[in-house]
Amino acid sequence: MSPEAPERLPPLRRKSVSFGWLDGLLLALLLAAFGYFAWRTQTVLYYKWDWSTVWPWIVRVDPRTGGWVPNAILLGLATTLRLAVWGIMLAAVIGAVMGWARTSQRLLPRLISTSYVMLIRNIPPIVFVFVFVFFITSQILPSLGIADRAARLSPEVQWWLSVLFGPTNRIENFIVGLICLSVFTGAYVTEIVRAGIESVPRAQVEAGNSLGLTRFQVLRDIVFPQALRNVIPPLSNQFIQMIKDSSLVSLVSVQELTFVAQDIQISTQRVFEVLLFVGLIYFLICWSLSALFGKLERDATRVRG
Amino acid sequence: MSRDGQPMIALSGVNKWFGTFHVLKDIDLEIHAGQRVVVCGPSGSGKSTLIRCINRLEEHDEGQIVVDGITLDEDMRNVAAIRREVGMVFQQFNLFPHLSVLDNCVLAQRRARGTPKAEARERAMHYLERVRIPEQAAKYPAQLSGGQQQRVAIARSLCMEPKVMLFDEPTSALDPEMIKEVLDVMIDLAQSGMTMICVTHEMGFARKVADKMVFMDHGRIVETAPPDRFFAAPASERTQLFLSQILSH
């Protein structure tokens, strides 16, 4: 070999696409099942599809001004998005505090957080929603007179409130639904946070301690950032779950997407069209959120080097 | 000697148990400012536990530990005060993987000492230069070799300007080629007059810098001697056996 021999590169390897007879069989079965399903819905179910009834529920023409205004579906979507954004934030805070309490060395915080998680994890969500709303928040919230106070605020503040929390006359109802959803999701986030905290090696805490950091500083600056990074996938799962669970608060008349969909189904009799359309909207919201979390996850692992 | 002739670190009658396992037995040890002490002994002899008690990563069950005039007890303020004065370097480096090398060195200065950001960064760069890796400041720990990581860990401790440095087998997790670069930094530190307690099996390092050798076995201090006497004429048979085993190659 000459002294100036070029640096040897690895041999080129063709990326092989493996598609065997088993893949072909599975694909054929899948297509057959799909065809059968289509045939059944066409012949046996005998359902006449009529999508045109759905569109007016998205936007309508305001008879007074003649302009387009959002109708029930868009209003419901807005409420669902508000529930999602505030819910994620609230559930994250609850989960962070309770998750810390779960790993605390002191008995009381551990007792409180463990009871909280055990209680919520082990009862059906519908039971929780009803008990929480009718026995707890309905007794407390009206005494605060939030709706009355909101009605007395200046128009600009009211406008902002309606952007952030929805129509002011329904604000109490929204807050009840939001708290309910966050407390419910918070229990699952708590468990994820606990697992995250426990995934950070004890040696990291010792290194922080040996530098003279306080217990809180170690938690905030060393344990939490690493814990969070480790739990991005389950956390994104839980938040997507929460968006779908937000349909539960339609049970207590929060007028979000599912509530609106049921209303429209009753008045138009177009059950499948409305359901499928709303389902598509949920899919798009959740899919965007998983894409966002996917990006977060990639960024987090890139920084680690 | 510190100003009033008090030892920097004084352990008297220290005992500790892990469950029913008696890991430290009646430990008496005095270390004065500027002294370099090397602790050695077979694994499981309690040497790591001993130095981990000095900054209270482990709690002792009996006896007294006084560091720089402060007695270690339940009072967390005393513990925090001592931890600020005592730096520690671990076998597994324990750098913070989510922070850059520079931020690893800056974090504790900012939080525990309240040092302004610019000053903290300046000091961090100063000590990174001292351990000879200022060019790695922007990298993350996972991008560095073991030897480089351990040198960052030393710099991170030095940034707190401690009065004492504890080393817990700092070269045991390193590839042979990287041991020297870490030992060089430690020798440099010893020559600058830092008070050091090192748990290590690097006997060449011990011969070169130690003022005092401590040999432990089964939780007890078996022998304490200056290095020339320790290596040439160890008093106890157990020490002789240990030295013959590790120096035979």
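This is a predicted model: local features need pLDDT of at least 70, side-chain atom pairs count only at pLDDT 80 or more; totals for chains, interfaces and linings use all residues.
Residues are numbered from 1 along each chain as its sequence is written, chains are lettered from A and ligands numbered from 1 in the order in which they are written, and side-chain values use heavy atoms, with hydrogens and water left out.

**View 1. An open antiparallel sheet in chain B.** In chain B, 4 strands form an open sheet in the order β2-β1-β4-β5, with antiparallel pairing; strands (E, at least two residues) and helices (H or I, at least four) are DSSP runs numbered from the N terminus, and two strands pair if DSSP finds at least two bridges between them. Because β2 (21–31) and β5 (70–71) of chain B stand at the edges with a single partner strand each, one side of each is left without a neighbour in the sheet. Strand β4 (residues 62–67) of chain B is joined to β5(B) by 2 bridges, and the bridge partner of V66(B) in β5(B) is T71(B). Strands of a sheet pair through backbone hydrogen bonds, either parallel or antiparallel.

**View 2. The hairpin of β1(B) and β2(B).** Here F18(B) stands opposite F21(B) in β2(B). The hairpin has 2 residues between the strands, and G19(B) takes a positive phi near 65 degrees in it.

View 3. A salt bridge is taken as a side-chain nitrogen of Lys or Arg within 4 Å of a carboxyl oxygen of Asp or Glu, and a search of the whole structure finds 24 of them over all chains. One of these joins the side chains of E58(B) and R52(B), at 3.1 Å from N to O, and both residues are buried; buried means under 20% relative accessible area, exposed over 50%, and partly exposed in between (1.4 Å probe, protein chains only). The side chains of R56(B) and E74(B) also meet in a salt bridge, at 3.6 Å from N to O. R56(B) lies in the loop between α1 (47–54) and β4 of chain B and E74(B) in the loop between β5 and α2 (76–85) of chain B, so the pair ties together parts that are 18 residues apart in sequence. R56(B) is buried, with a relative accessible area of 9%, whereas E74(B) is exposed, with 62%.

**View 4. The salt bridge of R238(B) and D217(B).** The closest N and O atoms of R238(B) and D217(B) are 2.8 Å apart in this salt bridge. Because R238(B) lies in helix α9 (residues 237–246) of chain B and D217(B) in strand β9 (residues 212–217) of chain B, the pair ties together parts that are 21 residues apart in sequence. R238(B) counts as partly exposed at 28% relative accessibility, while D217(B) counts as buried at 11%.

**View 5. The largest nonpolar core and the surroundings of I9(B).** A nonpolar core is a set of buried Ala, Val, Leu, Ile, Met, Phe, Trp, Tyr and Cys residues joined through side-chain atoms within 4.5 Å. The largest core has 105 residues, and I9(B) and L11(B) are among those that touch the most other members. Helix α7 (residues 171–199) of chain A gives the most to this core, with 14 residues. When residues up to four places away in sequence are not counted, I9(B) touches residues including L29(B), I54(B), V66(B) and I197(B), where contact means heavy atoms within 4.5 Å.

View 6. S253(A) has a positive phi of about 65 degrees and lies in the loop between α10 (232–245) and α11 (257–268) of chain A, where S253(A) counts as partly exposed at 33% relative accessibility. F93(B), with a positive phi of about 70 degrees, is found in the loop between β6 (86–89) and α3 (101–113) of chain B, and F93(B) is buried, with a relative accessible area of 9%.
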